[in-house]
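Good morning, and thank you for the time.

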Amino acid sequence: MVSGDDTTGCFVKNYSKIVDVVTIVASLCVVSIAIILGWKLLRDSPQIITVPDRTIVHWRSYAEHGHWMGAEDAPVVIVEFGDYECPACRAVAPHLDAVRAAFPQQVALVYRHLPLEYHHLAYPAARAAECASLQGKFEAFHVWLYHDAGWMANPRGRFASFAAEIGMPDLERFESCLDDLGPVASIERDIAAAGELEAHGTPTILVNDLLLGSFADSLTLTALIEAALEAKF
């Protein structure tokens, strides 16, 4: 005959084992999720990889193509190779806006496309920006793509609706451009230029002849701009 105490002891022991198993499984799940999220962060945030800055002797050739924004005679030119789906590019965008606002006559930004293969929305977004450029609306589209991530939920529909919002002169032409899914010559040219520069991540940024090896905030960019201006004058 089994006593009440023995039954209780058996139940407690079995319950304890179940709790141990559940705890182990939960811990493994947490570790697995952390590994997956960590890998995704590393994959999507190339700015955390720091390499030495490099001097690019023929840097002006990288500013000859792309989209020039700012004073035509600006003594400091920032060339950015970017990807509209890239979190790091989105993070640096306000800093680039800030230095352009602080140095309106001294700094120009040249934007060039580097859509990464594993960002499946990056090339369509770059295409949309190029389609907007054909009607003189590149900068408005460029700013919107980086400041409103909502377009990623419905790219094609949001591209068209935003084009209407900003008064795209010919909406039918814009939408027809979006529907042409072949390679875009200007985007392919930028990708090739980034390859020559040995740029493998985004954003890749040049401040005149200095190729930055790590993420730069507005304070860092301001210091580099002021140094470049001092050297210039």
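**A polar contact, the cysteines and a hairpin**

The side chain of arginine 112 makes a polar contact with the side chain of aspartate 190, at 2.8 Å. By polar contact I mean a pair of N or O atoms within 3.5 Å; within protein, one must be able to donate a hydrogen and the other to accept it, and residues adjacent in sequence count only if both atoms are side-chain atoms.

Two remarks on the source. This is a predicted model, in which local features need pLDDT of at least 70 and side-chain atom pairs count only at pLDDT 80 or more, while totals for chains, interfaces and linings use all residues. Residues are numbered from 1 along each chain as its sequence is written, and side-chain values use heavy atoms, with hydrogens and water left out.

Arginine 112 lies in strand E4 (residues 107-113). Helices (H or I, at least four residues) and strands (E, at least two) are DSSP runs, numbered from the N terminus. Arginine 112 is buried, with a relative accessible area of 2%. Buried means under 20% relative accessible area, exposed over 50%, and partly exposed in between, for a 1.4 Å probe and protein chains only. Leaving aside neighbours within four places in sequence, the residues in contact with arginine 112 include Tyr62, His65, Glu80 and Asp190; contact means heavy atoms within 4.5 Å.

I turn to the cysteines. Which cysteine is joined to cysteine 131 by a disulfide? The partner is cysteine 177, with an S to S distance of 2.1 Å; a disulfide is a pair of cysteine sulfur atoms within 2.5 Å. This pair links distant parts of the chain, 46 residues apart: cysteine 131 in helix H3 (residues 122-133) and cysteine 177 in helix H6 (residues 171-179). The link is left-handed, with -80° about the S-S bond. Cysteine 131 is buried at 2% relative accessibility, whereas cysteine 177 is partly exposed at 23%.

Lastly, the strands. Strand E3 (residues 76-82) and E5 run antiparallel, joined by four bridges, and glutamate 80 stands opposite isoleucine 205 in E5. Two strands pair if DSSP finds at least two bridges between them. E5 and E6 form a hairpin with two residues between them, and asparagine 208 in the turn has a positive phi of about 55°.
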